[in-house]
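Open your viewer and get ready to click along.

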Amino acid sequence: MITAIGAARAVTVDAVSYLVSATTLALVRAKEPVPAPRPAGARLRTEILEGLRYVLGDPLMRPVVLANALVSAAIGGVWSLWIVYVYNELHWTAAQTGICMAVSAAGGIVGGLLTRRLTQRWGLPRLMLFGVVGYALDLVPTLLAGPGTAGYVLVTVGHCVAIAVQMTYIAANRSFRQLICPPELMGRMNATSRWLALGSKPLFAVLFGLLATWIGLWATLALGALTFALPTAVMLASPLRTLRGVPSRTLQEESC
């Protein structure tokens with residue numbers, strides 16, 4: 001679309017697609033249960049602190065949430081630079097970049113379809129440890145590739161495989177958090193997790209943008225690949241490395 005109608009018009013089409021999405025969601029006719037009223041005297045600040053206390057204090061939830069926050073931070077830092085790198089250094093066109101991303105997204109669909117079978121074979125903790133490696137390996141083909149067809153194929157195939165692996169991590173991470181979290185803390189756990197993950201993105205985007213200006217795009221992307229290795233280290237240093245299945249909440253509460 002960028003090649004055919006220009007970048008600004010392509011962004012406009014993207015914006016309109018969100019309006020279409022909002023319209024279709026508004027047309028859904030389903031009765032939702034009325035939320036339970038908040039306890040008398042409950043304060044938002046207290047509930048936020050309870051969510052933070054649970055997420056950062058639970059020995060299983062803490063590494064899962066921190067790993068997810070580090071993944072999100074690294075994504076915010078490097079993926080906007082990736083576009084600049086393949087365009088300026090590898091001399092890709094807008095159409096080539098779009099095709100690479102589309103093929104990679106297809107890899108994510110494959111990863112999603114394989115998640116259930118892999119979970120049954122390995123268990124959610126091991127699947128998380130396997131899937132998070134996909135982020136660390138994702139940038140390696142880009143760092144090794146040069147301009148030309150061979151480099152383009154290397155990056156596209158590598159990106160496709162990496163996203164397939166990453167999709168297993170995303171599904172396993174979210175499922176594990178929901179299964180070990182007490183129901184009454186589910187909302188606060190999700191809010192805290194998303195705040196840590198999404199809040200770090202703009203900070204790392206600015207940081208990596210400055211680094212790219214100072215030390216260059218290639219070196220900054222290489223640093224991003226090392227940053228993606230941190231979530232793996234966090235989970236390997238936690239009790240997750242010895243788990244195969246999801247512990248019951250009773251056993252988890254006793255361990256706390």
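Of the 256 residues in the chain, 38% are buried (under 20% relative accessible area with a 1.4 Å probe and protein chains only; exposed is over 50%, and partly exposed lies in between). This is a predicted model, in which local features need pLDDT of at least 70 and side-chain atom pairs count only at pLDDT 80 or more, while totals for chains, interfaces and linings use all residues. Residues are numbered from 1 along each chain as its sequence is written, and side-chain values use heavy atoms, with hydrogens and water left out.

**The whole chain**

Switch to a cartoon view. You will find 11 helices and 0 strands (DSSP runs, numbered from the N terminus: H or I of at least four residues for helices, E of at least two for strands). The C-alpha atoms fill a box of roughly 60 × 45 × 40 Å along the principal axes. Among contacts (heavy atoms within 4.5 Å) with a separation of 6 or more, 81% are between residues 24 or more positions apart.

**First stop: Asp 138**

Select Asp 138, which sits in helix H6 (residues 124-138). Which side chains make polar contacts with Asp 138? Show His 159, whose side chain makes a polar contact of 2.7 Å with that of Asp 138, and then Gln 166, whose side chain is joined to Asp 138 by a polar contact of 2.8 Å. (A polar contact is a pair of N or O atoms within 3.5 Å; within protein, one must be able to donate a hydrogen and the other to accept it, and residues adjacent in sequence count only if both atoms are side-chain atoms.) Beyond four places in sequence, the residues in contact with Asp 138 also include Trp 79 and Ile 163.

Asp 138 is buried yet has no salt bridge (a side-chain nitrogen of Lys or Arg within 4 Å of a carboxyl oxygen of Asp or Glu). The nearest side chain of opposite charge, Lys 201, is 13 Å away.

**Second stop: the salt bridge**

How many salt bridges are there by this rule? The count is 1. Select Arg 188 and Glu 50, which form a salt bridge with their closest N and O atoms 2.2 Å apart. The pair links distant parts of the chain, 138 residues apart: Arg 188 is in helix H9 (residues 186-215) and Glu 50 in helix H3 (residues 44-57). Arg 188 is partly exposed because its relative accessible area is 25%; Glu 50, at 30%, is also partly exposed.

**Last stop: Thr 156**

Now select Thr 156 in helix H8 (residues 149-180). Is Thr 156 buried or exposed? Thr 156 counts as buried because its relative accessibility is 9%. Leaving out residues up to four places away in sequence, Thr 156 touches Cys 100, Val 103 and Ser 104.

Terms used. Lys and Arg count as positive and Asp and Glu as negative; His and the chain ends are not counted.
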